[in-house]
Amino acid sequence: MTNDSNGKKPGFQFNILKNDPLDGHKGQNIGSISLENVAPVYVNKDTGEVFIDMGGLHARAEVERRVKWVTDRSEVEGEDAESYWLVWVSVERMDVGPVYSGVAACFEMVNRTKRRGYKLMPEHVNMMDRSMKGKIDLNDMDPGSRSALKSFLISHNKEIWDNSEALQEEMKND
């Protein structure tokens, strides 16, 4: 007899929680992922516009809606295609105060006319993970997008930027 009678898939499952998964609990939700301090920041590669859309945490950002996602970039390319960098920005509180602890970027393209979008989900998940682990990975970003991101992070919260020495060092030439 199988365990499929209740309609649940067997295997590892985890919860995504807003607050500290261990706050007030002894052993419950160990291994859960907290997205409390992660924000999806979008950089339009063509226009330089930068904005936060919290819907991006669950692939429901405004730029990601109403398109079918494909892994073949040629299906999306064309004159109506818009290129974006999705930058996962993590904030942590350190001795000096809040800092941009992890920042990692991944690429996506959307063509509203064709109703198609290109992104590689494993890359998006891995970059979110890198950001949450305090890594800075902006290597693939073009200089204009990096500069727009830097300006946005400074203007969004100057105190956090001033406390973020590792990010300042990474972006000193942007």
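Asn126 lies in helix α1, which covers residues 121–132; helices (H or I, at least four residues) and strands (E, at least two) are DSSP runs, numbered from the N terminus. The model is predicted, so local features need pLDDT of at least 70 and side-chain atom pairs count only at pLDDT 80 or more, while totals for chains, interfaces and linings use all residues. Residues are numbered from 1 along each chain as its sequence is written, and side-chain values use heavy atoms, with hydrogens and water left out.

**Asn126**
- Asn126 counts as partly exposed because its relative accessibility is 47%; buried means under 20% relative accessible area, exposed over 50%, and partly exposed in between (1.4 Å probe, protein chains only).
- Asn126 and Ala105 are 21 residues apart in sequence, and their C-alpha atoms are 10.0 Å apart in space.

**Strand β7 and its partners**
- Of the 15 residues of β7, 15 are buried.
- β6 and β7 pair in the antiparallel sense over 14 bridges, where pairing requires that DSSP finds at least two bridges between two strands.
- These two strands, β6 and β7, form a hairpin with 2 residues between them, and Glu92 has Val99 in β7 as its bridge partner.
- β7 also runs antiparallel to strand β8 (residues 116–119), to which 4 bridges join it; Glu108 stands opposite Lys119 in β8.
- The hairpin of β7 and β8 has 4 residues between the strands, and Arg115 there takes a positive phi near 55 degrees.
- With strand β9 (residues 136–137), β7 pairs in the parallel sense over 2 bridges, and Ala104 stands opposite Asp137 in β9.

**Nonpolar cores**
- The largest nonpolar core has 25 residues, and Val87, Leu138 and Leu149 have the most contacts inside it; such a core is a set of buried Ala, Val, Leu, Ile, Met, Phe, Trp, Tyr and Cys residues joined through side-chain atoms within 4.5 Å.
- At least two residues of this core come from each of β3 (38–44), β6 (81–94), β7 (97–111), α2 (143–156) and α3 (158–163), and β7 gives the largest share, 5 residues.
- Apart from this core lies another, of 13 residues, including Leu57, Tyr84, Leu86 and Cys106.

**Ser90**
- Ser90 is found in strand β6 and counts as buried because its relative accessibility is 4%.
- The side chains of Ser90 and Ser131 are joined by a polar contact of 2.7 Å, that is, a pair of N or O atoms within 3.5 Å; within protein, one must be able to donate a hydrogen and the other to accept it, and residues adjacent in sequence count only if both atoms are side-chain atoms.
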